[in-house]
Amino acid sequence: MTELLIKNGFVFDPINGINGEKMDIAVKNGKIVKSVNERKAKVIDATGLTVMPGGVDIHTHIAGAEVNTGRLMRPEDHVKDVVRKTALTRSGVGYSVPSTFVTGYRYSKMGYTMIMNPSMPPLEAKHTHEELNDTPMLDKATYPLLGDWWFVLEYLRKGDLTECARYVAWMIATTKGYAIKIVNPGGLESWGFGRNVRTIDDQVPYFGITPRDIMCGLAKVNKMLNLPHTIHVHTNNLGLPGNYLTTLDTMRALESVATGDKPVAHITHLQFSSFAGNDWGTMRSGAEEITKYINAHNHLTFDMGQVIFTDTTTMTADGPFEFTLYELSGHKWVNSDVETETSGGIIPFHYKRNNAVNATQWSIALELALLVKDPWKMFLTTDHPNGGPFFAYPKIIAWLISKRARMATLKKCHKKAQKLSLLPSIKREFTLYDIAIVTRAGQAKALGLKDKGHLGVGADADIAIYDINPEKIDIAKKYKAVRRAFGSAAYTIKDGEIVVKDGEIVKHVDGRTIWLDVKTAEQVKVDEEMKRRFKEYWTVEYDNYPVFDHYVKVSCPLTIKADV
Amino acid sequence: MVVVKSVTCPICGSLCDDIELTIENNEVVKVKNGCALCESKFLGYKGEHRIKTPLIRKDGKLMPVSLDEAIHKAAEILANANYPILYGWSSTSCEAQRIGVELAEEIGGVIDNTAVVCHGPSILSVQEVGIPTCTLGQIRHRADLIIYWGCDPWSAHPRHLERYTAFTEGRFEKSDWKGYIQKVKAAAGKKKIESAVRRGVVKRPKAQPMLQHELVNAPPPTLMKEGRKLIVVDARKSMTAEMADYFIQVEPNKDYEVMQAIRALIRDQELDVDKVGGVPVEYLEEVADAMVNCNFGVIFFGMGLTQTAGKFRNIEVAISLIRDLNKRTKFVIMPMRGHFNVTGANVVFTWQSGYPYGVDFSLGYPRYNPGETTCMDILLRGESDATLVIAADPGATFPRRAVEHMAKTPLIVIDPHMNATAMLGDVVIPSAFVGIESEGTAYRMDHVPLPLKKVVDPPKGLLSDEEILRRILEEVRAIKAKKMREAEAA
Ligand code: SF4
Ligand SMILES: [Zn+2]
């Protein structure tokens, strides 16, 4: 296998405490090693360049039934961004819902090497995996939607955590998933009959359980199973004015599950859950209250869900939320409920600077990021493509590292949003070290991916090199150059091979699918009774439900030993 | 003798996956749980029309050749074509479809599937207004109002009613039918079930099927009965209509007007006519009431809506009706996809190229513009210079002018059967039956992916669609590489 030596770059490796030191990184057999034979190894001269671990994205909708319906319904989105076939790469379309190949290429060009697909309906898991197989250049994993699954609701209602944990373990392994995803807990089941829940203590119709029970129950289950990530939560009332109170309730509820300083939940795309105000007219930021809480507690991580001013496609398992968007906008609207498990919806959406609500959303995400003191609690996302397409990440980096950059954008925003924004009062500017945390190290840590997000010996040799010389430029001033550099990596190295050079794909690799094989002491009994129950709950046979091994092109199971 | 359980039936978009097959000496000898279509396919697929060996047209006649020769010839045709069409795909696996898209891209051709002649208008409508829908189990568990519009599941998707809709039992919707049907089924064959169901319908309280002539004279029956209601709207009285609680016979090609009328009624507007599309307004009021008052309603629609006057407009108004209804109650809509994996073809094309059918790679990137880039448009304009047809029979279903152009240019056919298209072919490559002799994946009409099983070995020497395509693609690449080398040398 290839040996590689990356010489003399400015290395940012927060997990190992390395902050811009000039050093060499050696690679052998796809892993970071102590040293290589300099004469035999291929040498990359990284003098004057920034070296980081490959980017990790904790939450991006890139594959599966919902994403694909998004693609189907948006031909007008595709025509403005077409991608030609080359000798090395497949053709496709881009913009807000890119085809699978283009998704892989574009992430790789930005120096990303691992993404998490956050929203997989278990019944349609094969679809998700088939698309992930066709998403090259990246390692990937996917979260099954479990918060409104009838089995979970029933066992939690009975108070039978152990049995619930066994079934969750079974489901994660069966769908080749990675974490417990919870979306608008209780709301999705209610949406089956066109209803919703409004507080974390509302009853889910017919199930005698509340969102609080679901979240706390699954957080406990998560612990019992020793899963590497926490529960991954999209809160109730997402996207509605005043919802920051629900979010605070949610965070407080989860406090009861926490022990020590270990996070027990990840609140995803927090921006969408941090609205204050009573209605759209009075909507304003709740970031101050939310971050005050997060700064005072250690049981949570979150990602931004940054809004980008552009035309995009919103898609979420939160069917009732998408219905609200439909009622507000009258746009084309897809709803897709999945029996026994979850729901979903899609709506195209254009975020506009001169819209007070949109501009406030833009501001909220940055306020959250900047007001939370510990960068290890906070990760950079757009909830692609909900807040905007992932290829806008370099813009967000610019806003984080440069007050000048964000003020330049804020100046162009709706007057009311400008007046309400907390950004003028925030001085903080991220360093490259902070950026390395919020775009890779922190995400890998929160995900429990031991071999990702750092450049220590033994780590996967997933590396990004950017044309940024921190000794020569003041990044806050030259934010445009930094933005360009993060949009087009000088090198991306995947498993020890150079796959991107000067922002172009130079080698096609498939990437792996990482999933959890969760072993419980006693497993779910697959007997006639289970099969009968299965038949009652779903319209497919038990035997045809699992994601069989051949549905995963490059399979990378992690064996997890549960406490139950 | 072995019994294989949980087999997925590779025939219609219902994609029933509970079929039990008894296999003896590499043959299916018994089919359990399947409908009549399913049985006849599994027991009869070997029939006389099976192509036994690859064929190439020589001096006007199809002559047996080796597989290598046929594959090479096919690759040569495709590699040399300027604007080839790859058509069909609806009765094969997603795995084969994936390679199909790659092949289309490699040769700068057009890939298209049978949606162009069935649910293309539905897809265009989704692109225009979206679609509120769900998986079939949602309907089984929750729907208390089931409407079939312009389709006849009893004939075309025989187990649809029994597995997913009117005659099923769900968590929130009980049915006295399920047990009844199962009992009858255990005891007797298909004919008996049919008549029993019909007898049952007659026995159901307040569930009289209304015939058109009765409709005119009788007062509107109340649809406010307990439990699930089944309404059928169609231009003719189909088998499904006979079982319905309520049948609305619409004059042919008047669906659009009827749908608009219901939309108006739902918005509480008065109609100042007595009849719309031949249906008395009181009956439409009844239907509108049932829609607004249900807890969970669904409209399934078929070719009676997509391929009659109005086409795309019909579906758009149907979806708009559902959009309106969702402001009052829960309502969904779903196309009754015919071929077992036409949904998969749309799904696979979309994730690889962004577009569901009629994808044109001639400029090096995917383009989609129905009316210009579908195979029908291109054939009718006479622009293509080669065609590959797989898992479909356009020779029997396309307009004459399109078929003529297809026959005039080199034609490659991959199919298990000697169908009308294959008879016109220049290269004919027989394939294994997917879902019987080879495995793969298919998507149900509601986008639920299901595995297709290989239950018997294919006849000796026959490959799966997937494998045939893979070999053609490799050969195309080899031919192109050789050409490139020659060009460089010269
Ligand atoms: S209804 Fe369709 S899928 Fe089901 S058994 Fe009959 S033909 Fe096969
Ligand atoms: Zn999301």
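In the predicted model, B:Glu270 sits in a loop of chain B, between helix H12 (255–266) and strand S12 (275–276). The residue is exposed, because its relative accessible area of 75% lies over the 50% cut-off. B:Glu270 belongs to a patch of negative charge on the surface.

A patch of positive charge was found on chain A. A:Arg353, A:Lys395, A:Lys411, A:Lys412, A:Lys480, A:Arg483 and A:Arg484 form this surface patch. Helix H17 of chain A, spanning residues 479–487, gives the most to the positive patch. Its share is three residues. A:Lys411, also a member of the patch, is placed in helix H14 (residues 403–411) of chain A. A:Lys411 has a relative accessible area of 63%. This value is over 50%, so A:Lys411 counts as exposed.

The zinc site was examined next. Three residues coordinate the zinc ion (ligand 2): A:His59, A:His61 and A:Asp383. Along the chain, the donors of the zinc ion (ligand 2) are spaced as H-x1-H-x321-D. A:His59 is buried, with a relative accessible area of 0%. A:His61 reaches 5% relative accessibility. That is under the 20% cut-off, so A:His61 is buried as well.

Two further residues of chain A were placed by element, burial and C-alpha distance. A:Met52 is part of strand S5 (residues 50–53) of chain A. Its relative accessible area is 0%, so A:Met52 is buried. A:Met52 and A:Ala562 are separated by 510 residues in sequence. Their C-alpha atoms are 33 Å apart in space.

A:Asn386 lies in a loop of chain A, between strand S20 (378–379) and helix H13 (393–401). Although placed in a loop, A:Asn386 is buried, with a relative accessible area of 5%. In sequence, 70 residues separate A:Asn386 from A:Thr316. In space, the C-alpha to C-alpha distance of this pair is 8.0 Å.

Definitions and conventions:
Residues are numbered from 1 along each chain as its sequence is written. Chains are lettered from A and ligands numbered from 1 in the order in which they are written. This is a predicted model: local features need pLDDT of at least 70, side-chain atom pairs count only at pLDDT 80 or more; totals for chains, interfaces and linings use all residues. Side-chain values use heavy atoms; hydrogens and water are left out. Patches are made of residues with over 30% relative accessible area and no salt bridge: like charges are joined within 9 Å, nonpolar side chains (Val, Leu, Ile, Met, Phe, Trp, Tyr) within 5 Å. Accessible areas come from the Shrake-Rupley method with a 1.4 Å probe; for residues, only the protein chains shown count as cover. A salt bridge is a side-chain nitrogen of Lys or Arg within 4 Å of a carboxyl oxygen of Asp or Glu. Lys and Arg count as positive and Asp and Glu as negative; His and the chain ends are not counted. The place of a charge is taken as NZ of Lys, CZ of Arg, CG of Asp or CD of Glu. Helices (H or I, at least four residues) and strands (E, at least two) are DSSP runs, numbered from the N terminus. Buried means under 20% relative accessible area, exposed over 50%, partly exposed in between (1.4 Å probe, protein chains only). Donors are N, O and S atoms within 2.8 Å of the metal (3.2 Å for Na, K and Ca); water is not among the atoms, so sites may look incomplete.
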